[in-house]
Structure formats: structure tokens, C-alpha cells
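Here is a short briefing to read alongside the sequence and the 3D view. Take a look at the structure, then follow the notes below.

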Amino acid sequence: MEWLTPLMGLYAAAAAVPLLLVLYFLKLKRRETAVSSTLLWKRAVRDLQVNAPFQRLRRNLLLLLQLLALTAMLLALAGPVLALRRGPGRRYVLLIDRSASMNAIDVEPSRLAEARKQAKVFVESMRSGSLVSLHDQADYAMVIAFDGRAKVMCNFTADKPQLLAAIDAIETGHGASRLGEAVTVARAFAQGRSGENNGAAGETGARLVLFSDGRIEDLDSILIDSDELVFHHIGETGENVAITAMDARRSYEQPEQVEVFVSLANYGSDSVTRDVQLGVNGDVRAVRSATIPGCQQASDASPFRPGKVAVSFSLSYGGAGVLDVRKVGDDVLTCDDSAWAVLEPPRRLSVLLVTPGNPVLESALRACPLARLDPCTPAGFDAMDPAAFALERPYDLIVLDNHVPAHLPRCQYLVFGAPPGGIDVNAPREIEKQIVVDWRAQHPVLQYVNLTNLFTARAHRLELPRDADVLAEFNESPAIAFLRRDGRDCLLVGFDVMQSNWPFEPGFVLFCYNALNFLGTQLGGAEPHELEVNQPIRIAEVPAESVATITRPDGSDVAVEPDADGTVRFPATQHVGVYAADIPGRPRRVFAVNLADEKESRIEPQREMHFSGTTVAAATQTVQRANVPLWPVLVLVALLLACVEWLVYNQRVRI
Amino acid sequence: MATARPTTSARRLTELLDPKFMARLDSLDVLSRKILQGKLQGERRSKRRGQSVEFADHRPYVAGDDLRFVDWNIYGRLEQLFLKLFLEEQDLTVHVLLDTSASMGTGDPSKERFTKKLAAALGYISLVNNNRLTLSLFGDGLRSQLPNLRGRNYLPHMAELLLGTACDGFSDFEKACHEAAAGRLGTGVTVVVSDFLFKQGYESGLRRLIGEKYDLYVVQVLSPQEITPDLAGDLKLLDVEDGDAAEITATSALIQYYKRNLAAYCSELRDFCTRRGAVCVRASSGDSVESLVLNYLRRIRLLR
């Protein structure tokens, strides 16, 4: 048995025991009784006092009981514990997995709740120290919750209520599980603490206590000692059917038409049939039934393959909206039963053609499906106010035909002839009589474009930066290249089409079509709508004084102010679902956060964790108490003694 | 000193003594160890030879003798003057001093009831046997007295006095004894009935009562609660007479000390009496008066 706070008990005893005795002697309330004469009583009292000053304490059952009760309480104050483990205080890092798979409800009420419960039991069983204890033998612990990232919930402390509160504060997340960062953080904190504390607590390294289902991605890259980590395994079943991928696209030719592809995976061993429903803005549009085969794993060594099936939907929808795909029917993990996609309205480009006069190019562009095409002279383009242009964004795409503008507003560019300045491209000289020697026929811009017969009389010799994407090459210089600079996407064609035979080739119109299509998709993809869990929402160019309101999937709102660059960042996309961002004066923007993680959807708990070079088996016992506090027993004894004392007093037992 | 007179609305003696007990008392009489002179010719032999019917002796005449007692028959035969001597029969004074201070009202059964019964029994015996009875109730001095009663006729007076006096007030034993002794005439038996728990002591009072002419009997009556206290816990004991308080914690040790003190006190009283030729009797109010009177008092030869 050990004492946690013996000094506390001593101080209290020093104060309380004499107090009880004094109170006993100075009892205020004496029962008054009439007697015939006090003569003999006074003599008796005098004799008693003379002969035995402590006589009244002797065999006084009431006082004895009171003293015993007080002793029990004082002992309880001293904090005795039945120490099942001895030695100096230890330090623990509680690592609690809160990844998506921990939301599984195969253990009541959920794996994370079970992990929290076990962690709390662990904390409660720690030895606690006290300000007035004789020696510091307290156990210290810190709490780290991790999914894809580690979050320190509580630094090293022996304060159990604080630790319990920190454990309670761990919220569910839908992220992937990666332990590496958490282990690094834990070791950093442990070393930092042992440096500043030379006491017993700092002598041994901190022990990691992991509460997880064992489904952790980066185990291979973590080096760990076999006795450094204790793994408490949580979870029972691996049966789960998940939506692992979803994609929704509009057809370019028929923008009303939307194709939705859904990939379903079955992690159970038996094949299952599930209904998959497609909704638009919450209205169910279609339901498909899909039979998903069971998973395949011949042996432990062979790789695990979940049963997969793809389901596709085709629907006609012209507006903007959120598509959601749901797997009908419950299983233990719900966060991978749905997926969302944000559908932009069909978009047609507004194109500004800056040309001294090029009927071939103009007619080729007019053949493409555009919202509008405005020709403009080079002088007219240079006269535009670049600031107003950047703010209003009247055009999605600017086609520069043989014009090097003085300034280059932020936009998408298709450049024929000399490259504009400011994009790190030089054209020091012209070269003559070039043919295309090589091109990337697979690139979207050059799909179905045959450049075999292209001949140009004069071309600019392009000197490109290293990150430029060369799509076609002359024998001396790049012919067509794609370059991204400062938010501008530039597709450079290094020659004047009128100096070549390209206008007579069918590939020229195809090239114009592809180029507009490609740059149009680049425009739309600048700020993606589909995010992974924990991937921050980024909204650029928000006015400094406006505040963005982010609505989470559960309906709660968060106000986020833009930073100095005018960018709103909202990193807390811990849960799957649809996040909406409202900025005053702007249309609402919607982001779909999907799990879409085959590894997280595989929820089968692992009993062994294969670290780099080490295998840690799950602890066979549930969390064991390090010590048993005895004070409740003592308090109970004190209570019983008080009851007995009361009984004795009331029964007026002759004493 | 007030003198109580019998009233017409006399309380009945049977409230104190039941008829059966009275019948047994009829056969008893008060006995004096000393043969003492009475004031009147009574039913008792006295040491003094005098006018009586019981012949004792003859003695030669000396000048000055009463010529009425000369035995003229002997003078006729012998021509010498002889006097006839007779044993004179005298009466006996029984003086009962009863304590009626507040302390006598305590106890369960009450000491008051016990002592009044005892006094009534003694008085009854005295009156029935034509002894002279003086009944005095004392507390802070003599409270009331029925002096020199003789004959059955006075039984209601005695009962009235006993029943009409409540036990209260202080006790001043010495003053009471002084007053009682001053008013005492003749010879006889004095019986003092009290608990003798007098803070100022009983010695000087008893000394005044002890004299050549009187036998002194001391009857100390204690209640069972005084003999074996039934107290527990922390108490504040209040004296019923003077309100004096004693704070005690009733432990077994304290009770032991109390009992020891009580025993010492009683034996002191007994020794004091014995040394001075008096008889001390201790009684508990829990016992029966009948057995005390019929058995114990006969054994110590107060009664016969």
C-alpha cells in the first residue's frame, strides 16, 4: 500500500484530533437532570479528577467511535492506494485514433466512444500526485488525437480531471489514419518535458498507449521500440460496404447531360446486393441495384482485394446543384455510405480575340460553341484598364494573335505568334521553314489533331522555363507549349498561322476546339469543388472587409475572415458532406467533402500492427488499473462508524 | 415554629397506613433503652420509686419523709417507722423529627411517601400505647409541630399534618435540631427521619439532640436512584434545594466513585451515631415501610 498524500493526512490529523477532543470536553449541550443533592456527585467528580485525569476518556465508547471514524477519514485524506504497480511515476502518451473507421458502431456505442472509455479507465487508474505528498510518484499523461493529422488535446499533466476532459473533447472525424505525425509529436513533447524535469518522472521514456482499430496507413514508415507502445485494439467486425469513388461530368457536346460514376466496394466475405440512389439537391432521381461480390484474400500474405462494382447513372440536368449518391441500407460505418459531387451549370466561354485581322482564326473560333466571341484590335486591347479587367472578368479566354500586349491581365490565354512578356518565355530570334517532328497526340489539346503535314515558313524560337509543358516540337524549337504563370494559363503556339499551311489542315479547327475546351476546364478547375477529408476549403480573392460564412454538413455556421492575401481558408473539413460558403456579394459556393478512401473503409480491426521492423500485438487484457484507491473504503468505514456512534448515543447504552 | 391544629376536614390516616398494617402495629409499643421518668403516671416502670400500686421495698423513716407512705402496720408490730416504697409507672415521650425539605420529594418511589408512612407508623404506635407523641416537620428550621399528643384521638391530627405538608424548600438541619431540642420536655425517644444529605453537615444538629434523657434513633432514607444512580451521558445535575449545578460525564468510573462516596458518607453517619449511643438505620425508599417497621425496628429494639 502506498500513500498519495500522507502530508495532507498528517496536517488534517494535527488539526482535527485535538479539535475533536477539545470539542468533547467543551460540549456545550449537557442534559439537565434534577437530583436530591449534588453533594456526593461533586465529591465523586473531585475524586475522579484527582485520581484519574484521563478517566473520562477511558472506556468511553462514543469518543472511541468518534475517534475511529475520524481516523478513518484522516486516513482517507492521506490517499492510500493499493499499488498494483510500484516504482517511480511514469509518463504516458495516450494516442487516440479518431479516423473515419473509428466511427464504426460494431462496438456500442462506437469505436471512438469505446476508445475514449478505455482511455478514461486508464487515466483514472494512474497514480495521482498531490501538492502535499511526500514524494512525487505521480503518473503523467498527455493526450493526442489523430486522424490524418495529430492534435494535442492535453499536454503532460497528472491532473486527472484535465485529462478526462481532454479525452471527452475528442470529436469524431472522417479522415484517414496516419500515426507518424502523432508519434513524432509525442516524442517531441516527451523529450521537451524530460529536459526541464530532472525528477523521477523524467528518467524513463514516455510510453505510448494507442487506442485504435489498427487500420493505420503509415505503419511501415514508423520506427518504434517493441516495448515503447502498448496497443489497445478496438473493434470487432470487418463487414462494410462503401462508396469508394464518385465522379460526375457534363458532356461537352451536350452540357445538359450528366454522367455519374460510382464505385462500390464490399469488404465482407459474402457478396451483397445493395440499392444505390442518386439524388440531385436532395431529390431522389434514380435508384440502381448493384450486387457486389465478396472480398478476396487467398491467404494472409496475398493482398486484400475488396469486391468492387461500378454503377453509372446518366441524367439530364442543366442547373447547378449537388449530386448525392447514397447506398441504401445500414452497416456499421455510415460515413462511407454516401458521396457528393458539386455540379456546375454548363458553361460556355466568353472569348476576346485580339488580332490585327485574321479571318481564318476568327472563323475557326466561331465554329466552336462559345457564349460570345468579341474581336478586338491590338490597340483596343492595350487601351483597356487592366485593373478593371481583372475585377470584372468580362472574358474567360483571350486569344492573342501576333500581338505582344503591354500588360497581361489575369486570364486564360491562347497565343499565336510571339509570346507575351511576363511569363518567363523568350523568343530571341525567328527560325524558318520548320516542320513538326514530334507531338503528344494523347494530350487533350492535340486529340485527333494530325500535325504531320504542318509546315511553317517562319516561327519564333521559344525558350521555355523548365516547368513548361511542350506539346509539339519543331526540329529547332518547341512549337506548341502549355505554361502556367501567376494564375494565367497560357497555351503558346510559336508561329503565325498565316505563315503556315495549318489553316488548310482539318486539324487546325480541331486544335482550336480542343484548346478552348482544355483552357475552359482549366478555368473551372482553379478552385476545386470536391475535397478530401481535412483538405482545407480555399476561396481566393475575397474582399478584406467581408466575412465568409461556412455552413457545415450538420447545419452549423462558422464565420471565417479572409487573411491578408484575401484568401479564406477553412481547414476543419473533418466530416464528410456538403459545405457551403457564403460571401456577401458573391454566389454561394458549395464544396463536397468525400471520404473515398478504400483503406479507411476497410474497417476490419487488426490485432497486430506491423511497424517498420517491429510487430506490436494488441494488449490481451483490457486496460488494467495501475492502482486501486482505498479512500472510498475508508470513507465508508467512517460513515459506518458514525452510524454506530449515533445508534449507541441514541440507545443510551450504559457506558 | 408553627403549631398545626387538627381541622375538621381531617385527612384519613388510611391514606398513609392501610388497616392491615395498622392492625399489626397495634401489637407494638415503643421501647426505651433507658427507663426514664415520665411526667405522668403511665404504663411504664420508672427508676424512680414513688406513688404507684407496685410495691417495691421498705426503708427506715428519716425525718422529712412523707408520712402518707409510713407503713403503720409494721409500726404497730415493731414500733419502728418504716416507709413503703413503690415502683412508679411513667409515660414515654416519642419525638419524631421528619425532614420535609425539597430533597425528600425526589426519588422513585418517593422518599416523601416513604418517610411520611414511617412517621405515621411510629406516631400510630405511640398514640395507641398512650405515649406522648411530638411530631415535628422540619426543613429550614422547624416548620410545623404537633406537641404532646396522647391517645388515639389525635391520630387524625397527625395524619392531617403529615398529608398537608409538602416537601419543598431548603434544609437547615442544625437550626431545626436546635429548635426541636429547645422545645423538648421530659424523657423519651427521638427518631430523626431524613436523607441526611445536608451540605452544611449533620453533626452539630445531631449533637444537640443527643442527651441523657432521650434515646436517639436516626433513620436515613435514600431513594434507589441515590443508592444506584441511573445516569448516562453528559449531564448537568441540578440540586433541587439550592439549584447548585454539577457538570458530570456519567462514566462507570464516576459512578464507582459516587457509590464509594455514598458508602463512606453513610458509614460516617453510622459511626457518628454509634459513638454517641445513638442508633442509625439506613433504608431505601424502594423497600417496604411495613417490613422496616415490623422487622428491622423491632430488631434494633426501638419497638417491641
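Which residues in α4(A) meet which residues in α5(A)? On the α4(A) side they are Arg116(A), Ala119(A), Lys120(A), Val123(A) and Glu124(A), and on the α5(A) side Lys160(A), Leu163(A), Leu164(A), Ile167(A) and Asp168(A). Please keep in mind that this is a predicted model.

**The helix pair in chain A**

- Helix α4 of chain A covers residues 111-124, helix α5 of chain A covers residues 160-168, and their axes come within 10 Å of each other.
- The two axes cross at roughly 175°, and because angles over 145 degrees count that way, α4(A) is roughly antiparallel to α5(A).
- By residue class, the contact of α4(A) with α5(A) divides into 5 nonpolar and 5 charged residues, with no polar ones.

**Where chain A touches chain B**

- Chain A brings 27 residues to the contact, and chain B brings 32 residues.
- On the side of chain A that touches chain B, the elements giving two or more residues are β2 (31-35) and α2 (39-51) of chain A.
- The most comes from α2(A), with 9 residues.
- This side of chain A is made up of 10 nonpolar, 6 polar and 11 charged residues.

**Strand pairing across the chains**

- β2(A) also pairs with strand β9 of chain B, residues 233-239, in the parallel sense.
- That pairing runs over 5 bridges.

Methods: Residues numbered from 1 in each chain as written. Chains lettered and ligands numbered in written order. Predicted model: local features only at pLDDT ≥ 70, side-chain atom pairs only at ≥ 80, totals over all residues. Axes fitted to C-alpha atoms, helices over the stretch in contact; angles between N-to-C directions. Helix = DSSP H or I, 4+ residues; strand = E, 2+ residues; numbered from the N terminus. Parallel < 35°, antiparallel > 145°, perpendicular 65-115°, else oblique. Contact = placed C-beta atoms within 7 Å. Nonpolar A, V, L, I, M, F, W, Y, C, P; charged D, E, K, R; others polar. Pairing = 2+ DSSP bridges.
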